Every structure is written in structure tokens, then in C-alpha cells.
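Here is a short report on side-chain packing and pairing. Look at the aromatic rings before reading on.

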Amino acid sequence: MAGVLRVTPVVKQKAEQLLEKWGSRGNMDELAGNVYKVSSSHEDAQGIIFEVGEVFRVLQRDGDAVLIEMVGHGDNPWFVSAQFLARISDFPSDIPNTDVDATDSDS
């Protein structure tokens, strides 16, 4: 998946539940909570607008899918491709993913 996908209320609720579950176990992705700055303006087909200078916070990541909060926007969160974020911001492109499922014993 390239680009951005708007999160529906049901997905948002599930994401919040997973964040709470993962956070309590201490196995959040190493980028979770970090804030990054947009360096290249882009409006995605899904409707989210990234403007130079805006910032977003990483909530969680699984592979190329990154759940972000656009700081200052009321319409959050969003699933965005890690590759896309690396192209338009200072989001790192060289950090390996921490696979949460590999340490999740409740599966």
C-alpha cells in the first residue's frame, strides 16, 4: 500500500485498543511517540494534506504500515506507508521494523 488510508471509527477504536495492549507490554515499535517534520508538500488521493513544516507523531508501525497522528489536525489517526513518509519527511528510511507479532504470545 502506497500513500495514505483514512482510518474509520471502528479501525480507530481497534488501533487505540492495540496501542493500549502493546504499550502495557513494553514492546511498542521504537519509533512510537516520535515526531517528524514534513519537508515536501503533498496531498494524497485519500485527502490528507501534508504541508512543509507540519509535524506528525508515530503511534505504531507494523512493516510498511505506520499509524500516525497529524499534530494539530482534528481528523486522526491515519495509516500511511513508511516509504511514503520517508520520501516527504525526516521519517527514517533505514530503521528496521520491530515485529510486534513475533513477541505477542496471546495470538
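Buried means under 20% relative accessible area, exposed means over 50%, and partly exposed is in between (1.4 Å probe, protein chains only). By that cut-off Phe91 is buried, with a relative accessible area of 3%.

This is a predicted model: local features need pLDDT of at least 70, side-chain atom pairs count only at pLDDT 80 or more, and totals for chains, interfaces and linings use all residues. Residues are numbered from 1 along each chain as its sequence is written, and side-chain values use heavy atoms, with hydrogens and water left out.

**Aromatic pairs**

Rings of Phe, Tyr and Trp (its six-membered ring) pair if their centres lie within 6.5 Å; planes under 30 degrees apart count as stacked, over 60 as edge-to-face and the rest as tilted. The count comes to 3 aromatic pairs. Two of them share Tyr36 and are listed here.

| Pair | Centre distance | Plane angle | Class |
|---|---|---|---|
| Tyr36 and Phe56 | 5.8 Å | 35° | tilted |
| Tyr36 and Phe91 | 5.3 Å | 70° | edge-to-face |

Helices (H or I, at least four residues) and strands (E, at least two) are DSSP runs, numbered from the N terminus. Tyr36 lies in strand S2 (residues 35–37) and Phe56 in strand S5 (residues 55–62), so their pair ties together parts 20 residues apart in sequence. Phe91 sits in the segment after helix H2 (82–88), so its pair with Tyr36 ties together parts 55 residues apart in sequence. Ring pairs link Tyr36, Phe56 and Phe91 into a cluster. Tyr36 is buried, at a relative accessible area of 8%. Phe56 is buried too.

Pro92 is buried, with a relative accessible area of 17%. Which residues does Pro92 contact, leaving aside its neighbours within four places in sequence? They are Leu31 and Tyr36, where contact means heavy atoms within 4.5 Å.

Pro77 lies in the loop between strand S6 (65–70) and strand S7 (78–81). A cis peptide bond joins Asn76 and Pro77, with omega about -10°. Most peptide bonds are trans.

**Salt bridge**

A salt bridge is a side-chain nitrogen of Lys or Arg within 4 Å of a carboxyl oxygen of Asp or Glu. The structure holds 1 salt bridge. Glu69 forms it with Arg57, and the closest N and O atoms are 2.8 Å apart. Glu69 is in strand S6 and Arg57 in strand S5, so to speak distant parts of the chain, 12 residues apart. Glu69 is partly exposed at 25% relative accessibility. Arg57 is partly exposed at 28%.
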